[in-house]
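Dear colleague,

Please find the structure below, with the sequence alongside.

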Amino acid sequence: MRRLLIGVITVLAVLLAGCSTRSDSNGTASEETDAAKASAPASGGPDFGALKDVCGKGDTTSGSAQGVTADEIKAGVFTDVGFNKTPDFVDAAKVFTSWCNDNGGINGRKLTPVIHDAKLTEVRQRMQEACKEDFALVGGGAALDGLGAKDRVNCLLPSYPAQSSLMPAVGSDLQLMPSGPYADYFQYAGFYKWLLTEKFPASADSVGIISGDSPVTKLLAAQFTESIAQLGGKVSYSELYPATGVSDWTPYAQSIKSKKVKGLVFLGDFASLAKLEQALTSLGYAPDWIDSNSNSYGDPFIQLGGAALDTQHNYAELFAVHPLETASDSPAVEKVKELYAKYAPDAKVGYLSLRAFSAWLLFATSARDCAELTRKCVYDNAAKNTEWTGGGLQAPFDLSQPHTPSKCYSIVQASSKGWKPADFKADNGAYRCDAPLVKYKGRYGKPITLADVGKSMSDLK
């Protein structure tokens, strides 16, 4: 367990990462479920991008479900803010629920976010608390979420997280996410197909992987190695670095240069990657591409990397979330920025903010359409969404088939001036939607199921 925790601390960023619509006649997602709206919100409720009447007033009676009264719905929000000092999920919960409650709540019931700070290692304790008080988990995530997955499934607590990290939780029962990751499939298939066969075909046989020396990152390295091979590439160089950290990245940079690595997968925290890239730049070497992963997507990596980012070629895939840099192309992203300015003016809108908002919107619209607010009704409504976009925050995702990856992806690239969308031939707005399915052949663990705890979907009420 000690080795696992050291490894997860090092690779925390990597593990964080990281839907029912109908299309109208012109192909725009209207995103309404098919459930009868016996408790429909009052006409003129607030819209969010393509989503109509997200919240609103209504006549409710005392609820029979845990966490539900005539006036309130308690929604648990997992976070590691006490460890990583990253308040994204807490901020998103505050902003969304404030906005929704100001507009009538969910059919008249106010949303109350219950923050569960796992502080990295206290996942089970927080999950056991959530099992006793929350109606559902919404819009959060914890790096070691797999440690609480069995408790959550056993207490029949549905979850609509912004992210999921460890295998027992990824793809587990009673969990619906607006986008990946996936338990059985490589989540970056479109991204890597583009890297290896289109943008940098000469790199295909010269891919390197550097990962932290821990069970978690070793598993990730094995998944990447297998998937790259399935896509026609080859990992020709692989190296571990101490999970406790590296004081001098020069020897690693020298190895990358001597092995003539043309594409680099870095499985670790972006602060360490920035130091490695500075060492590579000092040696006068730059691979054709570096997968810096979605956790690096933000200003801190740009500040740490500095001028080295103009020499090195960093790319990240965003699980088909709309890039912030082109927010003007997405009314939904602009709406998030507007709401943050009103309800949390000191908070910053980031990648995880958009993922969290998509999860909150999924929960709210699914709960809105329940005549009687029960866990089963909300879960069933959410699972009916076949082209969920969060009103325009992300590419369409089929929640009726949550274990099958979306074909869409979005790629951004970094320089010392910041992030911008890569030239990856997007064919659906900000996204490209031709990703192949790359299913794992190796055994990398399994998600927790209801059967594992002696239950079935018929137990969900």
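**Helix α7 and what follows**

After helix α7 comes G232, which has a positive phi, near 95°. This is a predicted model, in which local features need pLDDT of at least 70 and side-chain atom pairs count only at pLDDT 80 or more, while totals for chains, interfaces and linings use all residues. Residues are numbered from 1 along each chain as its sequence is written, and side-chain values use heavy atoms, with hydrogens and water left out.

Among the buried residues of α7 are V216, L220, F224 and I228 (buried means under 20% relative accessible area with a 1.4 Å probe, protein chains only).

**Helices α11 and α12**

Helix α11 (residues 331-343) packs against helix α12 (residues 351-368) at about 100°, their axes 11 Å apart (axes are lines fitted to C-alpha atoms over the stretch in contact, and angles run from 0 to 180 degrees between N-to-C directions). The two helices are therefore roughly perpendicular (65 to 115 degrees). V333, V336, L339 and Y340 of α11 meet S353, L354 and F357 of α12 (contact means heavy atoms within 4.5 Å).

**The core**

The largest nonpolar core has 124 residues (buried Ala, Val, Leu, Ile, Met, Phe, Trp, Tyr and Cys joined through side-chain atoms within 4.5 Å). Its largest share, eleven residues, comes from α12.

With kind regards

Key:
Helix = DSSP H or I, 4+ residues; strand = E, 2+ residues; numbered from the N terminus. Parallel < 35°, antiparallel > 145°, perpendicular 65-115°, else oblique. Buried < 20%, exposed > 50% of the residue type's maximum accessible area, 1.4 Å probe, protein only.
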